[in-house]
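I opened a structure that was new to me and kept short notes on what I looked up. They are set down here in the order I took them.

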Amino acid sequence: DRQTLVAVLQFLRRSNLRESEEILRREARLLGEDLGTAALSPAGGSVAPVASSSPGVAAAAAVPPGKGEINAGEGGPGGPGCASRCLGAMQCYSNLLFNANAFAVGGGVVVEDQPDVSAVLSAYNQQGDPTLYEEYYSGLKNFIECSLDCHRAELSQLFYPLFVHMYLELVYNQHESEAKSFFERFHGDQECYYQDDLRVLSSLTKKEHMKGNETMLDFRTSKFVLRISRDSYQLLKRHLQEKQNNQIWNIVQEHLYIDIFDGMPRSKQQIDAMVGSLAGEAKREANKAKVFFGLLKEPEFDVPLDDEDEEGENEEGKPKKKKPKRDSVGSKSKKQDPNAPPQNRIPLPELKDSDKLDKVMNMKEAARRVRLGPECLPSICFYTFLNAYQGLTAVDITDDSSMIVGGFADSTVRVWSVTPKKLRSVKAAADLSLIDKESDDVLERIMDEKTASELKILYGHSGPVYGTSFSPDRNYLLSCSEDGTVRLWSLQTFTCLVGYKGHNYPVWDTQFSPYGYYFVSGGHDRVARLWATDHYQPLRIFAGHLADVTCTRFHPNSNYIATGSADRTVRLWDVLNGNCVRIFTGHKGPIHSLAFSPNGRFLATGATDGRVLLWDIGHGLMVGELKGHTDTIYALRFSRDGEILASGSMDNTVRLWDAVKAFEDLETDDFTTATGHINLPENSQDLLLGTYMTKSTPVVHLHFTRRNLLLAAGAYSSQ
């Protein structure tokens with residue numbers, strides 16, 4: 001937006017960076033204009049967030065509000081992610097913008113508060129009488145509490161953002177005692193799910209505290225979104241104009257984004273289901289883009305099966321055919337799914353012969369798969385890690401359930417074989433040269449029997465390992481750590497092949513694409529990155545979350561990535577162009593688990609609030625809420641056919657839910673989609689099929705085998 005550009009151009013000029021200024025002017029088509037010293041009054045929160053915690057995100061500064069994504073195609077000049085033309089220019093000055101609290105310019109003169117930060121904060125300069133703030137707020141509070149029930153629920157959403165902005169305005173203008181008394185008087189009225197945010201807020205008592213505080217800069221720069229019916233909005237506007245309560249009206253216009261819809265106001269339950277994230281609800285516009293949620297067509301191939309030819313043929317004809325993926329299923333007919341993306345929308349790796357063999361094995365297993373349902377629940381096999389001393393931080397299990405990996409707080413990655421077959425690595429180079437390469441069993445001979453063992457330990461990280469992921473072909477393993485790196489390990493040699501350095505802070509999660517080759521990582525720098533195993537640099541950077549990206553998941557068709565964040569939202573990103581195509585709000589705490597249904601239509605999310613929320617990806621709607629857990633949900637997994645959803649939590653239980661019933665008879669008519677009037681059943685107990693307690697083991701991972709046996713994993717905790 002123009003003001004941000006002007007601010008940046010002026011800064012470049014003052015810093016004698018003529019070349020960068022020219023590039024930016026060309027890109028922004030502002031060549032002939034004289035910028036002079038254009039007034040930089042902020043235009044309603046439209047200055048993009050800049051004082052971010054990592055240079056990786058700083059590039060987001062050049063993005064207009066609402067477009068919080070950059071497609072940083074750094075995959076080499078012709079790589080899968082060729083950057084847009086202006087990325088170069090963006091990077092030139094994103095570095096200048098980075099954390100622009102104080103720059104030394106020219107002869108060592110420190111210029112305090114460059115336009116970006118000061119523009120964000122100077123929004124607070126419109127001074128009202130500080131002693132009247134409490135009166136303004138309580139006046140509005142009384143008005144809302146006395147309004148009709150149908151409007152009260154909607155207008156109550158204003159309390160929290162107004163409270164925060166009025167408090168910050170008092171602090172910014174150095175009315176510290178008034179700020180303190182304002183906070184003490186009204187902070188108890190806020191919804192319980194804002195307690196953590198209020199704790200951060202209460203520590204900001206001086207103007208200086210606001211300068212470097214990311215949480216506040218976020219609150220300042222991203223408009224808080226409220227969804228209100230036209231009737232309620234008119235009521236509010238009339239009241240504020242009659243009372244001439246300009247202070248509050250200014251904040252509403254300056255810092256809130258009111259998404260007005262026509263129709264009935266929403267009830268308290270409907271609003272409560274959707275609110276609670278750091279920046280309010282998602283704008284309805286955010287969930288309008290088309291998403292290709294269907295599955296890709298299975299490649300057809302004939303594999304000569306010596307004596308089992310007929311059986312192979314017979315398998316081909318069955319509709320139950322499975323992909324070698326972590327959560328995929330569904331009946332694969334030969335015709336293309338109408339909601340599927342074009343087969344070549346993103347380049348996917350070719351199938352190797354070993355992959356084809358694996359698919360055939362998979363189809364055989366699928367033929368013996370147990371059909372689950374309310375009458376036929378899965379058996380659960382629980383792997384308990386003993387003597388882990390609270391050190392187990394991540395678990396993953398291969399698709400064929402032959403290996404299990406644990407990431408630990410002592411920075412090791414440990415891989416176990418859970419079949420009688422031991423883990424063998426390839427022999428040393430000297431021994432390999434002695435092998436006859438023409439012999440039929442050359443693949444057996446290269447393996448070293450002497451070092452075969454049930455457990456292999458991988459050393460390399462220098463901090464706790466927070467995420468692990470096996471590649472679908474079981475040749476590779478990913479791990480990500482507090483040390484800011486993602487490592488790729490070979491399961492042939494049990495050595496580290498690559499360390500991917502892009503995140504500057506802890507990396508909380510990583511996951512391989514269901515087709516291999518691509519993988520995603522998310523971390524404390526609030527960004528998710530898409531990588532390919534053969535590129536040192538990320539192919540895409542998904543920027544837009546306002547807090548840590550805590551978990552990441554690929555859609556079964558590999559064209560989309562879901563990320564869950566500590567900002568209490570879930571976002572769905574398009575791998576092709578890096579755009580954010582869905583924002584789901586409704587959780588009241590950081591999100592720690594995600595699972596796509598095998599048919600690709602639905603997403604289940606779990607968070608520290610102990611709720612599992614179900615989302616319809618195509619319509620961008622919440623369609624269900626599963627209550628029952630009493631602590632953070634760290635694991636979610638659909639059964640192979642999608643009939644059952646399993647959830648595992650820190651409350652030491654695994655719960656099984658009836659997914660078929662949860663998703664049937666969905667009201668996804670146009671009205672619901674347009675207004676977000678969702679009607680969730682009061683009680684999710686009729687969807688709960690079973691609760692299974694462990695003795696004292698929090699559940700950190702769940703996995704359905706190809707035959708629908710449920711495997712769970714966690715570390716025994718003695719306290």
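The entries below go through a few places in the chain, one at a time.

**Entry 1: the model.** I noted before anything else that this is a predicted model.

**Entry 2: helix 1.** I looked up helix 1, which runs over residues 2-14. I checked its length: at 1.5 Å a residue, its 13 residues should span 18 Å. The end C-alpha atoms are 18 Å apart, so the span agrees with the expectation. I then listed its buried residues, which are T4, V6, A7, V8, L9, Q10, F11 and L12. Just after helix 1, I found N16 with a positive phi of about 55°.

**Entry 3: E178.** I went on to helix 9, residues 176-186, where E178 sits. Is E178 buried, exposed or in between? Its relative accessibility is 24%. Buried would need under 20% and exposed over 50%, so E178 counts as partly exposed. Setting aside residues up to four places away in sequence, I found E178 touching P130, T131, E134 and L170. I also looked up the C-alpha atoms of E178 and L132: they are separated by 9.4 Å, while the two residues are 46 apart along the chain.

**Entry 4: D525.** I placed D525 in the loop between strand 17 (518-523) and strand 18 (527-532). With a relative accessible area of 1%, D525 falls under the 20% limit and is therefore buried. Its side chain makes a polar contact of 2.9 Å with the side chain of R529.

**Entry 5: D567.** I found D567 in the loop between strand 21 (560-565) and strand 22 (569-574). Which side chain of opposite charge is nearest to D567? It is R571, at 5.0 Å. A salt bridge has to be within 4 Å, and D567, though buried, has none. I did find a polar contact of 2.7 Å between the side chains of D567 and T569. Leaving out neighbours within four places in sequence, D567 is in contact with S277, L278, H545, L546 and A547.

**Entry 6: strands 22 and 23.** I followed R571 across to strand 23, where its bridge partner is I583. Strand 22 and strand 23 pair in the antiparallel sense, over five bridges. Their hairpin has five residues between the strands, and in it G578 takes a positive phi near 80°. I checked how covered strand 23 (residues 580-585) is, and six of its six residues are buried.

How values were computed: Residues numbered from 1 in each chain as written. Predicted model: local features only at pLDDT ≥ 70, side-chain atom pairs only at ≥ 80, totals over all residues. Heavy atoms only, no water. Helix = DSSP H or I, 4+ residues; strand = E, 2+ residues; numbered from the N terminus. Expected span 1.5 Å × (residues − 1). Buried < 20%, exposed > 50% of the residue type's maximum accessible area, 1.4 Å probe, protein only. Lys, Arg positive; Asp, Glu negative; His and termini not counted. Polar contact = N/O pair within 3.5 Å; in protein donor to acceptor, adjacent residues only side chain to side chain. Contact = heavy atoms within 4.5 Å. Pairing = 2+ DSSP bridges.
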